[in-house]
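Work through the exercises below with the model open. Try each task before you read its solution.

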Amino acid sequence: MTRTMEWAARGSHMRGIPRKMVIMAVGAFAKAVANLLNTTTVHNADTLINLVRSRPHGVPLITVSNHMSTLDDPVMWGFKGFPIFDSNLARWALAAEDICFKNSLLSYFFRIGKCIPITRGGGIYQEHMNEALERLSDGEWLHTFPEGKVSQEDAPIRRLKWGTASLIVRSPVTPIVLPIVHHGFEEVMPEKFWFGRRPPFPLCNKSINIVIGEPMEFNLPKMTQMAISMSRNLHNPTRGWPILSPSGLDEAAQRCLYTSISEQIQTSMESLRSSSKKLSEAKSLNSGQVEE
């Protein structure tokens, strides 16, 4: 797979004017959906805002969240106080190639909107993952949906794909990882609204709840040694992954390490999901008491 319109993703493309225009337009849309058409509540917003604005120079940020609808990104960044109109601070995002890059027009739009095309099922060593690593090496912010696809069920966080974990391990500078869980987007943009299809426009008068966690820390040297030890007794079929340097991790050890990191992120996200449900239940209870 060739790098899809990588030139359009460069900040220098047409002096950055197309990127600024798209970020402004998409930001206005996100603000309208999150705050005018619907009600959005954000918990621990300052943690995210501070990391986006003023994390240590050169240190990348990876935010991870559940995936409830096709509108999660960008609308989840449309809450009050978030610098959504700043194209320099805007996130990079991994986006499904079969949805966001179906033709030249869409490809150009999502490229200047700081999206990186990913082929679902293409594996963690597909070509555009290197582009994501380049953005992390630049100290940029990258958002991922590690569950891999939209799920609108009220269910526990699903097993995470290894892509995000591999980026954490392979990044030249270990990124700050911030978990986020939300719900309500499945009501704003339901997958099966009319004849089994999504509505043409976002729905109104819904409640969106976003819970932002605390930064996660990974002791990668220790986790790497544990992965090497655990992998010695494994004999799984190989996929031809390269050996990672300088740690010398072979494919079996990488599998163990990526699984361990993914499970930690999944546990953190599930804890946030449980907290989010409790907050929503308490809010509903209080609303019912006020009405009475």
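Predicted model: local features only at pLDDT ≥ 70, side-chain atom pairs only at ≥ 80, totals over all residues.

Residues are numbered from 1 along each chain as its sequence is written, and side-chain values use heavy atoms, without hydrogens or water.

**Exercise 1.** Find how many residues of strand 6 are buried.

Solution. Locate strand 6, residues 176-183. Strands are DSSP runs of E with at least two residues, and helices are runs of H or I with at least four, numbered from the N terminus. Apply the cut-off: buried means under 20% relative accessible area, exposed over 50%, partly exposed in between (1.4 Å probe, protein chains only).

**Exercise 2.** Which way does strand 6 run relative to strand 2, and in which sense does strand 6 pair with strand 7?

Solution. Two strands pair if DSSP finds at least two bridges between them. Strand 2 (residues 61-65) runs parallel to strand 6, with 5 bridges. I62 has V177 of strand 6 as its bridge partner. Strand 7 (residues 207-212) is antiparallel to strand 6, with 4 bridges. Here H182 faces I210 of strand 7.

**Exercise 3.** Is S245 buried or exposed?

Solution. Start with its place: S245 sits in the loop between helix 9 (220-231) and helix 10 (251-291). S245 is exposed because its relative accessibility is 68%. Now check R170: the C-alpha atoms of S245 and R170 are 9.0 Å apart, with 75 residues of separation in sequence.
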